[in-house]
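Visitor: I have a structure to go through with you. Could we look at it together?
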Amino acid sequence: WTTVTRFKSDVSSIAVANNDSRVILVGTETKGLYRSSDSGASWVEYKDQLKEFKSSDKVYGFAQTDDGTTLIMNSKYGLLSSKDAGSTWSSLSLISSSGDVRAWSVAIDPRDDSVMYYGTEGVFYKSSNGGQSWQTIDLPSSRAPRAMIVDPDNRDHVIVGFASIEE
């Protein structure tokens, strides 16, 4: 093992861009997003690039399409979308206001970036139009949907893992 770099906060999530393995995104607990475009040799902190998205400095996770053309970042702010491997970000419209509800997990259809999902306590959200509008479905558990992925072999199946919520 070799230490590549140390971040100013605990790492909460890591994603390697599906369309360019030199691009690595690291989400942290309190310092937001870091991005490398050279396989981790150097890193850029995205504090200034994301300052318009209040509380995006707490990153929960990432999801992306198979071809890497769309990447979603789940943060305390809400969901942010990138079409350029994380160089620039835009906000996805959610049913609740940004920061009001904790999205515990996010997923995107691996081959259709217009189909995306996120989960909050007890509620599952699905968009079929790139986040322009959302349908809600009650989840079969009051636990937090902590992990979510679309089955690549049957994209009608979304696999969700639940966990107890500790206050």
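Visitor: Is Leu33 buried or exposed?
Guide: Leu33 is buried, at a relative accessible area of 1%; buried means under 20%, exposed over 50% and partly exposed in between, with a 1.4 Å probe and protein chains only. This is a predicted model, in which local features need pLDDT of at least 70, side-chain atom pairs count only at pLDDT 80 or more, and totals for chains, interfaces and linings use all residues. Residues are numbered from 1 along each chain as its sequence is written, and side-chain values use heavy atoms, without hydrogens and water.

Visitor: Which residues is Leu33 in contact with?
Guide: Leaving aside neighbours within four places in sequence, its contacts include Val44, Tyr46, Phe62 and Trp89. Contact means heavy atoms within 4.5 Å.

Visitor: How far apart in space are Leu33 and Val44?
Guide: They are 8.5 Å apart, C-alpha to C-alpha, and 11 residues apart in sequence.

Visitor: New topic: how many aromatic pairs are there?
Guide: The structure holds 6. Rings of Phe, Tyr and Trp (its six-membered ring) pair if their centres lie within 6.5 Å; planes under 30 degrees apart count as stacked, over 60 as edge-to-face and the rest as tilted.

Visitor: Why is the pair of Phe7 and Trp43 edge-to-face?
Guide: Their planes stand at 85 degrees, so the pair is edge-to-face, with ring centres 5.2 Å apart.

Visitor: And which residues form a cluster?
Guide: Ring pairs link Phe7, Tyr34 and Trp43 into a cluster.

Visitor: How exposed is Phe7?
Guide: Phe7 is partly exposed, with a relative accessible area of 22%. Trp43 also counts as partly exposed, at 22%.
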